[in-house]
Amino acid sequence: SSLYKIDLWGAPYFSVNSSGNISVKPFGPATLPHQEIDLLKVVKKASDPKSAGGLGLQLPLIVRLPDVLKNRLESLQSAFEFAIQSQGYESHYQGVYPVKCNQDRFVVEDIVEFGAGFRFGLEAGSKPELLLAMSCLCKGSTEALLVCNGFKDVEYISLALVARKLALNTVIVLEQEEEVDLVIDLSKKLSVRPVIGVRAKLRTKHSGHFGSTSGEKGKFGLTTTQILRVVKKLQQSGMLDCLQLLHFHIGSQIPTTTLLADGVGEAAQIYCELVRLGASMEVIDIGGGLGIDYDGSKSGKSDISVSYGLEEYAAAVVQAVRFVCDRKSVKHPVICSESGRAIVSHHSILIFEAVSGGAYNAPAMNTLSIQYFVEGLPEDLFADYQKLSAAAIRGEYDTCLLYADQLKQRCVEQFKEGSLGIEQLAAVDGLCELVSKEIGLSDPIRTYHVNLSVFTSIPDFWGIGQLFPIVPIHRLDQRPSTRGILSDLTCDSDGKINKFIGGESSLPLDELEGDGGFSSGGRYYLGMFLGGAYEEALGGVHNLFGGPSVVRVLQSDGPHSFAVTRAVPGPSCSDVLRVMQHEPELMFQTLKHRAEEFVHEDDDGMAHISLASGLARSFHNMPYLAAASSCCLTAD
Ligand code: PLP
């Protein structure tokens, strides 16, 4: 576990158990030993064929753990409650979850349910997000905030006003100055008294990748001048009392509490100024930014590390707001945060399989065959070979490498001219590989092919180079014998993972069992951790690979320590085809008619009826590699 630093980035939810498998502590530090969940058992339960008592789901697989989600939510809440109590802060914390981090219905519903006891709400940034937030919050606390951010048109604002009519505690946050005119106009038309917030463009700048939206030139929010104009307009319309919330967001993954306190302090000054100007201010909404320490270094020195935990974050926020408000004798506001990454990252684990792990230059033939073909080389090349072996016998390794290189180059030239056979070229490649291995110079990094699409499941790795902990979920009680990079299923050279946390360019990995694992039944499962935020929401369908299967796993005190309460296969080939406007039903009919026309009963024993049923299954199955046993195009 120390090799993969699991104890650093995984605490308090992930560790290695005595069987060498990843173990999940669903309730964090409060988890009792018998409540721990062996991740390998979950994967087996989900993926084993139905006949073997499993659910028969195809990998890749997302294992969702609502208990972890609940623990994250409660930990955030108690961190703020502790900071509020210990600092004598005279109001409360009331968070919202930004649904863009993961809009999955069950994730959002769980958050609303788990957070109902402490008025936890939702944040939306578009019309469909608002619709889902409205419907989910009907089951939440009546005080829970529904924060409406993002670019807004007439329809968005009308919808937010309707939400207020439905007694949902909705706040329309102005992100563009023009939005205030629409809000004033539409609220009169719909006879709704809105609650309005403004998003301030702070001068405090977060310099990391995720901070590009912050600072004076940031994409979002109102400048000081614009805020003053908005206040004036609201005053003129007799609606200044509607302005009740100040919002800002300096970017995700805020690296340090120093930067955080700086931003919160600046925002608190604006808040106090709005109070002075006559707005009925109630809430300071500090946006997102509560970070995850993906590499466990706690350094705060890169985009994937933050130097604080939940407690330090909450303490810094409460202190910064209190300090400013006390100096201005302003009543302490309700503190709202829009933490997304910090709430949903841990609860979901992406499991995928390595399906082959060949060495870069594995010799294509054994030593005897190499010898046979090398001895048959044309005279001049054979003379080169003899010089090479003489140097090897003398133990002159540098000369050896030089001759090996020369030999290889000359063979390639002759192959291009057509005077060397492919077996001879392969034999010389094999020979050079053997020489490097003997000298201890062979490239030890292998390419493991994984049954996954990086574009679909880890889009931030491809798009912005974000790193996530990736670890085998079993065989962790033995020392990995090799190192590898991961290459995905897509026909795209960017579809590979060759950077890992800790700055490594390869990952310690085990040999696959059997002849390459996948077809032989020996399985090698890897997990990508801390990816519950953004990755599912951003993933695309490059090469038409759709999303993974999903299981929802709850801790349970039955015979196993867990129960699978929901199992959903990933999108089928038909589903992903539909995304690009294809019509799978028509496609199937076309192919079926073609089979009737061209395939006859006695052709290869494959009747068109069974061919059609095989085709039907191809449409129905997921696009990922299927184990040989579930292969579809058979004539049964
Ligand atoms: N709120 C707003 C306005 C955002 O733009 C974002 C994301 O960048 C968030 C909240 C969530 O941020 P995080 O995931 O860092 O908590």
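Author: Happy to. Helices (H or I, at least four residues) and strands (E, at least two) are DSSP runs, numbered from the N terminus. With that in hand, proline 12 sits in the loop between α1 (6-9) and β1 (14-16). The peptide bond from alanine 11 to proline 12 is cis, with omega near 0°.

Reader: Before we go on, what kind of model is this, and how are residues numbered?

Author: This is a predicted model: local features need pLDDT of at least 70, side-chain atom pairs count only at pLDDT 80 or more, and totals for chains, interfaces and linings use all residues. Residues are numbered from 1 along each chain as its sequence is written.

Reader: Thanks. Back to cis bonds: which peptide bond ends at proline 60, and where does that proline lie?

Author: The bond from leucine 59 to proline 60 is cis, again with omega near 0°. Proline 60 is in the loop between α2 (39-47) and β4 (61-64). As background, most residues other than glycine have a negative phi, and most peptide bonds are trans.

Reader: Which residues have a positive phi, then?

Author: Alanine 167 is one of them, with phi near 65°. It is placed in the loop between α6 (154-165) and β8. Asparagine 543 also has a positive phi, of about 65°, although it is not a glycine, and that residue lies in the loop between α18 (535-538) and β20 (549-555).

Reader: Is alanine 167 buried or exposed?

Author: First the cut-offs: a residue is buried if 20 or more other C-beta atoms lie within 10 Å of its own, exposed if 12 or fewer, and partly exposed in between, with C-beta atoms placed from the backbone. Alanine 167 is exposed because 9 other C-beta atoms lie within 10 Å. Asparagine 543 counts as partly exposed, because it has 16 C-beta neighbours inside 10 Å.

Reader: Good. Zooming out, what are the overall dimensions, and how much is buried?

Author: The C-alpha trace spans about 95 × 65 × 55 Å along its principal axes. Of the 636 residues in the protein, 46% are buried. The protein has 21 helices and 21 strands.

Reader: What domains are there?

Author: The domain assignment gives domain 1 (66-346), domain 2 (367-439) and domain 3 (574-620); such bounds come from an automatic or database domain assignment. The C-alpha centres of domain 1 and domain 2 are 67 Å apart.

Reader: Tell me about the open sheet. What is the strand order?

Author: Eight strands form it, in the order β5-β6-β7-β8-β9-β10-β11-β12, with parallel pairing. At the edges are β5 (96-98) and β12, each of which pairs on one side only. Two strands pair if DSSP finds at least two bridges between them.

Reader: How many bridges join β8 to β9?

Author: Three bridges join β8 (residues 169-174) to β9 (residues 196-199), and these strands run parallel. Isoleucine 172 has isoleucine 196 in β9 as its bridge partner.

Reader: Where is lysine 100, and what is it in contact with?

Author: Lysine 100 is in the loop between β5 and α4 (105-115). It counts as buried because it has 20 C-beta neighbours inside 10 Å. Leaving aside neighbours within four places in sequence, lysine 100 is in contact with Gly125, Glu129, Gly340 and Ala537. Here two residues are in contact if their C-beta atoms, placed from the backbone, lie within 7 Å.

Reader: And the "active site" feature: where does UniProt place it?

Author: The unreviewed entry puts it at Cys491. Cysteine 491 is in the loop between β16 (482-487) and β17 (496-497). That cysteine counts as exposed because it has 8 C-beta neighbours inside 10 Å.

Reader: One last thing: what covers the buried residues of α10?

Author: The cover includes α3 (66-86), α9 (257-276), β11 (283-285) and β12 (334-336). Among the buried residues of α10 are Tyr313, Arg322 and Cys325. Just after α10, serine 329 takes a positive phi of about 50°.

Methods
UniProt positions renumbered as here; feature names shortened; annotations may be inferred.
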